[in-house]
Amino acid sequence: MSTDTSASAPLDALFPLPASAPPSPLCPPTLPGASDASAQAVTRALKDNHIRWHAYLNEMGFHNHTSHHLLAAYSLGASPSVVDAVYARHTPLLKPVVTGVEPITPENYFGHLGELKYYHSYREFYAREILERGAKGVLEAYVFSREANVGATPQELLGSRGGAPPPRMLNRLLAILIHPFIHAGYGLEFGLPGILAEGLGQMATHPADWAGIVPPELFDRVDAASLVEPPSSLPVTYSLALEKKGGNDHVAKPASPHALEILGRILADDSFDPTPLELPKADPSTALEKVCTALGPRLVRLAEEWYAGGMDAHAKIVELFWLNTVMYGVAGYGGRASAPGGKMNADFFLMHLVTSVLFMPSYAAYLSPRSLSLLVRTYFSACLACYIQRGRPALPIAEFYANVPASPVAPGSAARVSASAAEGTLDATNPSPNAWLPIVQSTLQHRDDHLAKVQRSLAHFAALLGMTPGGTFAAAAQAGLAGAEVLDGTLFVRVAGLTMDRVGWMREGEADAGWDRLGFVSESV
């Protein structure tokens with residue numbers, strides 16, 4: 001790798017070694033296997049990628065996923081050789097970074113939003129700001145403030161930008177399969193200012209998608225004072241089991257429907273059927289825009305019912321873990337007949353909901369209650385809009401549980417174990433006493449970066465929620481999500497195994513089978 005030694009000082013500030021602990025207990029820890037040598041290898045690759053390569057692969061704005069793959073593999077415990085192999089896999093696909101365009105300054109900041117060629121200029125602007133003001137200050141000022149979205153006042157929707165449209169930076173953060181959000185999320189999770197700057201540079205050069213679910217008045221309805229949570233509260237699933245209850249435990253929290261209950265309503269209500277919208281199957285961006293225009297106001301109202309002032313944001317984030325896994329995994333099983341091999345319709349778009357939601361706890365650690373409310377509500381609406389745009393696919397939960405194993409087995413492992421197990425082995429007939437270990441091992445050897453991201457998400461959800469018993473979501477079943485009463489903590493390993501079966505156990509000899517992009521709409525329009 002080649003690096004610019006003249007920039008080594010700021011580069012070291014932008015790219016320290018990945019943080020040894022995540023910013024929230026709801027973030028995934030780094031698995032055993034990672035070492036100082038692998039951390040050094042990741043850091044060298046991230047610096048080289050930052051200096052040499054563009055964030056986009058082409059003029060269409062396809063994304064450079066190198067840093068995602070590097071950090072996901074590192075978090076899964078990758079050895080230095082695997083880290084180096086990941087970087088070598090991506091570099092032939094990359095194009096050189098483009099410099100020499102006009103620098104971004106406070107004076108021209110709003111003048112080049114959405115222009116890909118200004119990525120490097122915006123990236124450098126955000127890098128300076130992050131090092132000076134910190135991540136929290138930059139996020140609040142440049143992403144979640146009123147000025148960064150609709151202008152200084154409700155009446156000034158065009159702001160003071162010479163008649164330019166509102167900047168809508170929150171829309172841009174979630175644009176194009178939520179990529180800027182994901183990229184910046186890696187920076188927040190691993191404590192890497194350079195990655196955060198890259199993600200915000202992508203945000204500034206992305207379009208302002210999701211107009212229908214981020215209305216200007218949303219910024220007026222957020223009351224910061226009502227969103228402050230009790231100071232003694234701990235994230236859900238991390239309360240101290242042996243600690244005496246007290247403090248604010250007696251304070252009643254507002255009741256609201258679970259995210260799966262909202263999903264049940266959408267399935268039960270034919271007015272959310274996308275068929276009348278005549279969505280163009282070959283143009284997902286236009287299709288999503290049509291969904292947001294037609295159904296956006298209703299999705300915004302559902303989001304406000306789901307998450308209102310005074311609620312526990314951490315609990316709502318955990319609900320999103322369940323929601324997005326069901327929409328990707330169970331829908332994928334239900335649509336398996338249309339996919340190659342007939343095992344799973346591993347939808348490329350719904351898969352991004354699983355990989356993106358993993359970063360919600362990292363954002364929560366940095367955001368004010370007001371900004372967190374804006375993000376959680378808007379992200380929830382975006383996930384539902386994406387699910388509808390993909391065809392509002394059926395969710396046969398009971399059938400999924402009856403046919404998808406809770407202990408997936410890698411191809412050929414049963415025969416190997418039965419042939420080689422020593423006398424006295426505790427359970428010689430069980431080829432996967434912990435099904436996650438072969439999944440992680442095979443994922444680390446797979447060349448597809450999205451697989452590492454989705455399996456890291458699912459493994460973490462399983463670690464947090466794997467002991468959830470059946471019957472927990474009976475209310476969602478009553479709301480219209482048939483079969484929700486059987487949902488339990490095995491959901492995540494079932495979906496992980498099914499994903500491996502579809503995308504391919506490469507370490508075990510299967511080919512890279514890729515992802516599905518046709519959606520679930522029965523007929524194209």
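These are my notes on what I looked up in a predicted model.

**Ground rules.** Residues are numbered from 1 along each chain as its sequence is written. Local features need pLDDT of at least 70, side-chain atom pairs count only at pLDDT 80 or more, and totals for chains, interfaces and linings use all residues, while side-chain values use heavy atoms, with hydrogens and water left out.

**Entry: aromatic pairs.** I looked up ring pairs, taking rings of Phe, Tyr and Trp (its six-membered ring) with centres within 6.5 Å; planes under 30 degrees apart are stacked, over 60 edge-to-face, the rest tilted. The count by this rule is 23 aromatic pairs. One of them joins Tyr109 and Tyr142, a tilted pair with 5.2 Å from centre to centre and 50° between the planes. Tyr109 is in the loop between α4 (80-90) and α5 (119-144) and Tyr142 is in helix α5, so this pair ties together parts 33 residues apart in sequence. Helices here are DSSP runs (H or I, at least four residues), numbered from the N terminus. I then asked about burial, where buried is under 20% relative accessible area, exposed is over 50% and partly exposed is in between (1.4 Å probe, protein chains only). Both Tyr109 and Tyr142 are buried.

**Entry: charges over rings.** The test is NZ of Lys or CZ of Arg within 6 Å of the ring centre and within 35 degrees of the ring normal. I noted Arg298 over the face of Phe272, 4.0 Å from the ring centre. I also noted the charged end of Arg336 over the ring of Tyr333, at 4.0 Å from its centre.

**Entry: the largest pocket.** A pocket is an open set of points on a 1 Å grid over the protein atoms alone, where a 1.4 Å probe fits, with protein on both sides within 12 Å along at least five of seven lines; lining residues have an atom within 4 Å of a point. The volume is the space filled by probe spheres set on the points, which are joined across faces, edges and corners. For the largest pocket I have about 1200 Å³. It is lined by 44 residues, and the closest to its centre are Phe62, His63, Ile176, Leu177 and Phe348. Which helix gives the most to this lining? It is α10, with six residues. Helices that each supply at least two lining residues include α7 (175-190), α10 (284-306) and α12 (348-357). By class I noted 24 nonpolar, 12 polar and eight charged residues in the lining. Nonpolar covers Ala, Val, Leu, Ile, Met, Phe, Trp, Tyr, Cys and Pro; charged covers Asp, Glu, Lys and Arg; the others, Gly among them, are polar.

**Entry: cysteines.** I looked for disulfides (two cysteine sulfur atoms within 2.5 Å) and the structure holds zero. The sulfur of Cys383 is 7.4 Å from the closest cysteine sulfur, that of Cys386, which is too far for a bond. Cys383 is buried at 0% relative accessibility, and Cys27 is buried at 2%.

**Entry: backbone.** Most residues other than glycine have a negative phi. Ile176 has a positive phi near 50°; this residue lies in helix α7 and is partly exposed at 30%. Glu278 also has a positive phi, about 50°. Glu278 is in the loop between α9 (259-268) and α10, and is exposed at 54%.

Entry: Leu518 is in the segment after α20 (491-503) and is exposed at 61%. Its C-alpha atom is separated by 7.6 Å from that of Asp347, 171 residues apart along the chain.
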